[in-house]
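Shall we learn to read a protein model together?

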Amino acid sequence: MRGSKQLRTISSSFRNGVSVRIRPVGALLVLLVSLACGRPGAQPGAAPVAGIAPNWPYLGKAKVTEARSAMVVSGSPIASEVGREILRQGGNAVDAAVAIGFALAVVHPEAGNIGGGGFMIIRPRDGSVYALDYRETAPSRATRDMYRSAGPEASVTGQLAAGVPGAVAGLTEAHRRFGRLPFSTVIDPAIRLAEDGFEVDEYRSLSIADDSARLALFEASRASFLPGGRPPVPGSTLRQPDLGLTLETIRDSGAAGFYRGRVADLIVAEMERGGGIISHHDLTSYQAIWRDPVTIDYRGYTIYSMPPASSGGVTMGEILNIMEGFEPLAPFGSAALMHQEAEAMRRAFTDRNMYLGDPAFVQNPVERLLSKEYAASLRKEIGEQASVTPKFEPGGRGASTTHYSVVDAEGNAVSCTTTLNNSYGSAVTVTAAGFLLNDEMDDFATSPGEPNMYGLVQGEANAIAPGKRMLSAMTPSIVLDRAKQLFLVVGTPGGPRIITMVYHVISNLIDHRMKLPDAVMAPRMHHQGLPDSLQVEEAGFPPATLDSLRARGHGVAFRGTWGDVEAIIRTGQGWQGVSDPRRGGGGAGY
Ligand code: DON
């Protein structure tokens, strides 16, 4: 990993010269665990959970916030406070979500953004459900094979890596349709945090340090994130005046303040500085899109999740549908369960990588992939031994995203995942506009049939085309219980592992009867078809379990630890917010 330190990250090369940063182990892990322990609200004690290795460092360490009326959890405790204050001022869950989205662009720059995109599931208290797609699009000058000549690094770092940003269109559209407070009120906290500065904590200091070599490549990124040539130390104040000015322009002109005028001019100038191709036309024609959410029935629970252009809802639904037919389900952490899960995931990801893409460009066979009959036919193929992922026919790196969940005092709920793709996206900060651009173009099958930054091997359905949305794995989800009451709001970063993490949390709660803190801290496994290996979090599962999986024919691969689940569950007394102990998030409620 470029510029990363061995102790802080584990890198795993999927493609020559391009690696995925698997979230921190070693020093950072110890630091985060100790931070979590010291923080009020950290779960006391370490209740062992059957199936988990006894030395799993996150036992009992999920960060828990309890509140009677309303709850916010996000990847940044400061952004969660912003959301709570908006709720206290009479804002609803969408007002809070929009305020958090803009605040994260300031206080969580590795993934919070206005230069990226995301997906939002909204469930007002009346029970209707909406899915908002504000994924980036390929610029109109993009071509299918543009990175074959430009080289694989060009889809990850630099101006050419950026898709047309969707975040400002999405956040302003969500607010236009559902917001209650004036837009200026919800964006104002972000402006203040950018202009007055915010106190950098340990997590964010290490995160910037980790990517400092990439950020240092671009003058405006150096100026924003490496003041005095160094990552800001914990406790220091990081001010971002250029970003403050951009946010003021958005406050005054809405989405037009980003897609037209001075900020648009600065984006296009930034493109010209480094061989990028986003044009004024691309910016003015960008539109967020309302879609019908994917609905999954799982053992009587109802899950609403994201349809394409994210693969999240469909792929998770396919996994859940396959698993639903295994009765009784083997216990959590057993080799029998992990084998069945790996086989279900292998099949769901094979379909994902073959068939799914932007619905404006390809026919997504969503109904077929989500049918219980199809799941039953796949389940029948699963025996006692590992199968082999079919050879991929394309015809048919550190990374950071961030998730936030909100429930307000009226029971309106929002689940939102947003990303720049890689940590700090393309590493390019738009000069004089103060925000980072995404490197979302790498989520396309930039070379169909070849692995991307996450090792995903994808096909023509996700090939690059002008104006097309690159397929995502983001899986913001809302779950209702058997009585159709709001039960869970959940999501996480983690590239393709997002899908399996959200699956794990849901299954841990429903099938393994875990409490939410245990469901979140529990170690995770993942299979995505190709590479054909069963990935496990290091130190999560007893060696005997892993030996048993090897005996079934699985190649077991350790991949550090991953994810940052931010989830809210209904309790008898109100709401419980749980932030993943693996990273630097936190909750706020009242
Ligand atoms: O949309 C996607 O699937 C990816 N761009 C998400 C990247 C991600 O989650 C990286 N975070 N750890």
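Q: What should I know about the model before reading any values?

A: This is a predicted model, where local features need pLDDT of at least 70, side-chain atom pairs count only at pLDDT 80 or more, and totals for chains, interfaces and linings use all residues. Residues are numbered from 1 along each chain as its sequence is written, and side-chain values use heavy atoms, with hydrogens and water left out.

Q: How many helices and strands does the protein have?

A: Helices (H or I, at least four residues) and strands (E, at least two) are DSSP runs, numbered from the N terminus. In this protein there are 20 helices and 21 strands. Along the principal axes, the C-alpha atoms fill a box of roughly 60 × 55 × 45 Å.

Q: What share of the residues counts as buried?

A: Buried means under 20% relative accessible area, exposed over 50%, and partly exposed in between (1.4 Å probe, protein chains only). Here 68% of the 590 residues count as buried.

Q: How do I compare a helix with its expected span, say H14?

A: The expected span is 1.5 Å times one less than the number of residues. H14 has 13 residues and reaches 18 Å from first C-alpha to last, close to the 18 Å expected. Cover is a separate reading: 13 of the 13 residues of H14 are buried. H18 is largely enclosed by the rest of the structure, because 14 of its 14 residues are buried.

Q: Which side chain of opposite charge is nearest to Glu318?

A: Lys and Arg count as positive and Asp and Glu as negative, while His and the chain ends are not counted. A salt bridge is a side-chain nitrogen of Lys or Arg within 4 Å of a carboxyl oxygen of Asp or Glu. Glu318, in helix H14 (residues 312-324), is buried yet has no salt bridge, and the nearest side chain of opposite charge, Arg368, is 7.5 Å away.

Q: What is Glu318 in contact with, beyond its neighbours within four places in sequence?

A: Contact means heavy atoms within 4.5 Å. With those neighbours left aside, the contacts of Glu318 include Arg347, Asp351 and Tyr374. Thr172, in helix H5 (residues 167-178), can be read likewise: leaving aside its neighbours within four places, Thr172 is in contact with Phe183, Gly254 and Ala255. Thr172 counts as buried because its relative accessibility is 12%.

Q: Which backbone features deserve a second look?

A: Most residues other than glycine have a negative phi, and most peptide bonds are trans. Lys484 has a positive phi of about 65 degrees although it is not a glycine; Lys484 sits in the loop between strand E14 (477-480) and strand E15 (486-490). Arg513 also has a positive phi, of about 55 degrees, and lies in the loop between helix H18 (497-510) and helix H19 (516-521).

Q: Are Lys484 and Arg513 buried, partly exposed or exposed?

A: Lys484 counts as partly exposed, at 44% relative accessibility. Arg513 is exposed, with a relative accessible area of 63%.

Q: Where are the cis peptide bonds joining Pro308 and Ala309, and Leu530 and Pro531?

A: The bond between Pro308 and Ala309 has an omega of about 20 degrees, and Ala309 is in the loop between strand E11 (301-305) and H14. For Leu530 and Pro531, omega is about -5 degrees, and Pro531 is in the loop between strand E16 (525-526) and strand E17 (534-536).
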